[in-house]
Every structure is written in structure tokens, then in C-alpha cells.
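Welcome, and thanks for taking a look at this one with me. Please have the sequence and the 3D view open while you read.

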Amino acid sequence: MRNKRYLVGLLGASLFAFYSFSSFIGVKEGSEKNSSGRAHTGNASAVGPNASTTCGGCHSGGDFTPTMSISVKDKSDNIVTSYISGEEYKLIFDIATVNSASGYGFQATTSDASNNYAGDLTSTITSGTRLVTLSNFEYFEHSQTNAGASYEVNWTAPSEGTGDVTIYAMGNAVNGNNGISGDQASPEKMFTLSEDVLSSVSDVKINQFEIYPNPVSETLNLKLNEQSDVQIMDNEGNVYIENLDLNEGVHNVNLSDLKSGIYLVVISAESGTQTEKMVIE
Ligand code: HEC
């Protein structure tokens with residue numbers, strides 16, 4: 001009787017020890033490995049405000065000198081350094097190494113200046129990657145050891161007034177031995193996107209006209225305070241609507257033929273010319 005209880009106790013203690021050890025090295029049951037993603041398997045972040053152990057906290061011994069770089073593109077594939085609230089962007093992460101590695105892993109996330117998750121990582125573009133949610137943050141990371149060192153994900157910018165958004169990322173260049181030896185992690189890379197606040201670009205005359213809603217999807221309401229000539233053009237100066245001569249009052253302008261993007265609305269009236277930025281979703 002006594003011996004049996006002792007045995008049960010011992011069994012319990014060793015199971016506990018094994019479990020603690022497993023969670024320490026971050027191995028999940030079955031075939032789930034850190035090589036399937038650190039947030040996914042280890043339930044831990046290596047980047048951003050909630051970072052615990054960095055990739056280099058476990059992985060070392062390699063001679064790759066990896067560095068991570070981050071770039072952001074808008075819907076028209078232009079590189080941007082600022083965002084417009086609610087717009088969709090592509091975040092691009094590239095790991096460069098001095099000596100080439102046999103495989104790569106990484107992790108990335110975003111936050112505002114108050115260290116809250118900012119915007120939304122919506123869907124992965126590059127295969128061999130995944131999105132994982134951990135304590136209110138979403139992480140973009142590898143789902144396998146990848147031969148490629150460049151990863152893209154779709155991201156929707158946060159609500160108006162969020163201000164600066166920082167993107168965090170870290171890469172790990174590995175030797176493919178399914179362990180932590182012979183690998184080398186990059187330092188954490190941070191990239192800050194500022195908020196592009198939509199406002200009048202011209203100070204000729206305020207309140208000469210109003211446009212709403214902005215961003216707009218199809219029908220723009222145009223409120224004119226005097227008879228005006230209306231022109232709508234894109235950032236590059238291509239004119240889409242021209243010589244639209246309208247009286248004072250509210251007008252509906254159908255924009256369903258225009259692609260999404262940033263446009264300029266130029267109103268010319270007797271009292272002067274005014275330009276406003278407009279976003280078509
Ligand atoms: C707490 C320790 C720990 C941390 C932190 C950690 N890993 Fe790992 N990683 C491991 C272990 C253990 C393995 C080997 C077994 C496995 O895959 O789980 C591994 C394996 C890997 C592999 C495969 C390595 C190879 O040579 O085949 C990649 C890729 C990888 N991790 C990427 C990362 C990245 C990227 C980070 C940071 C975002 C990271 N790891 C952070 C423990 C860690």
C-alpha cells in the first residue's frame with residue numbers, strides 16, 4: 001500500500017518534471033516544433049513590446065551575421081513610410097546574411113507608441129509562414145524552416161489618431177540540424193510608420209467646399225459654398241474628372257469607375273482654388 005502510493009507520487013513528479021522541461025525548451029506534443037514557429041509552438045514572442053526570449057537566446061553557434069530589413073508597400077506597390085488609417089498595406093521582411101544559411105525562420109509584429117497591438121495582420125502572402133495570436137498581439141512567423149529569406153503579409157492600418165506604428169522583426173539563419181546549435185539570429189529590427197493625416201493641402205480658403213465621406217467607396221458628397229469648377233486627379237497628376245461646373249449646394253459624384261487609391265479634389269471658384277486629398281477604398 002505504502003509502496004504503491006510512493007510509486008504514484010514518483011510518477012507524478014517525473015511527469016511534472018518532464019512537462020516543465022518541455023515547456024522550458026518550448027516543445028509541444030506531437031510533431032509541433034519551434035521550427036514550426038516560435039509563437040505557435042513555444043507560446044512566446046521574441047519581438048515587440050511583449051518579447052520574452054529572443055531567437056538568439058536559444059539559437060547560437062552559426063556564422064551567418066544575419067540582418068533583418070523591413071519595408072512597406074501600399075496597394076499600388078509603392079514603398080511608403082506613412083499609413084492612412086484603414087488602408088491595406090503589404091509588410092515585407094527580408095533576412096540578409098554574410099554567409100549563406102541552409103534555412104531561415106523569423107517573427108514579426110506591430111505596436112503603437114503605447115505598446116498596444118496596432119492595425120491588423122490579416123493574411124499571409126508567402127508560403128511557409130503563419131499568423132499566431134498571443135495575449136492581444138498577432139505575430140507573423142515561419143511555419144517551417146524556409147529556404148527563402150523574404151516574407152510578405154497583408155496588414156490593415158489602425159484607426160485614425162493612432163499615430164506612429166512600429167513594426168518589429170527578427171530573423172534566424174539556421175543550419176537545418178533541427179536544433180539550436182550552428183544557428184545565428186539577427187538583432188531585432190524596428191521600423192516606424194507615421195500616420196498620414198488627411199487634411200487640406202492648400203490654405204487658400206477653408207470651408208470653400210467639403211467632401212464626405214473620406215475615405216469614400218462609391219458616391220462622394222461634394223458640398224460647395226459657391227459655383228465651382230471641379231477636377232479629380234491622382235497623385236501623379238492624371239486627371240479623371242475635369243471641367244465639372246457645379247452650382248452652390250450638395251452634389252453626388254459617382255466614383256465607381258475609379259481604382260482605389262489616393263486622389264486630389266481640386267475646386268476652382270471665384271474666391272480661389274482649394275485642393276483636398278481623397279481616398280477611394
Ligand atoms: C526557448 C528556446 C528557443 C527560442 C527562444 C527560439 N527557438 Fe527556435 N528552436 C528551439 C529548439 C529547441 C529547436 C529544435 C527543435 C524544434 O524545432 O523545436 C528550434 C528550432 C528552430 C528552427 C530549425 C533549426 C534548424 O537548424 O533546423 C528554426 C528555423 C527556428 N527554431 C527558428 C526560431 C526563430 C525565428 C526564433 C525567434 C523568433 C526562435 N527559433 C526562437 C528553441 C528556441
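Here are a few points to guide your first look.

1. A word before we start: this is a predicted model. The protein chain has 281 residues, and 27% of them count as buried.

2. If you look at contacts between residues at least 6 apart in sequence, 68% join residues at least 24 apart.

3. Do turn to the ligand next. Its surroundings comprise 29 residues, and the closest are Lys33, Asn34, Cys55, Cys58 and Gly105. Sorted by class, this shell holds 17 polar, nine nonpolar and three charged residues.

4. Which element gives the most to the shell around the ligand? That is E5, with four residues. Strand E5 covers 103–112, and at least two shell residues each also come from helix H2 (38–42) and strand E10 (165–174).

5. There is also an open sheet to find, built from four strands in the order E2-E4-E9-E6 with antiparallel pairing. Strand E2 (67–73) and strand E6 (120–124) are its edges, each pairing on one side only. On average, neighbouring strands in this sheet are turned by 30° against each other, direction ignored. As background, strands of a sheet pair through backbone hydrogen bonds, either parallel or antiparallel.

6. A handy spot to check by eye is Ser71, which stands opposite Ile92 in E4.

Methods
Residues numbered from 1 in each chain as written. Predicted model: local features only at pLDDT ≥ 70, side-chain atom pairs only at ≥ 80, totals over all residues. Near = placed C-beta within 6 Å. Nonpolar A, V, L, I, M, F, W, Y, C, P; charged D, E, K, R; others polar. Buried ≥ 20, exposed ≤ 12 C-beta atoms within 10 Å, placed from the backbone. Contact = placed C-beta atoms within 7 Å. Pairing = 2+ DSSP bridges. Axes fitted to C-alpha atoms, helices over the stretch in contact; angles between N-to-C directions.
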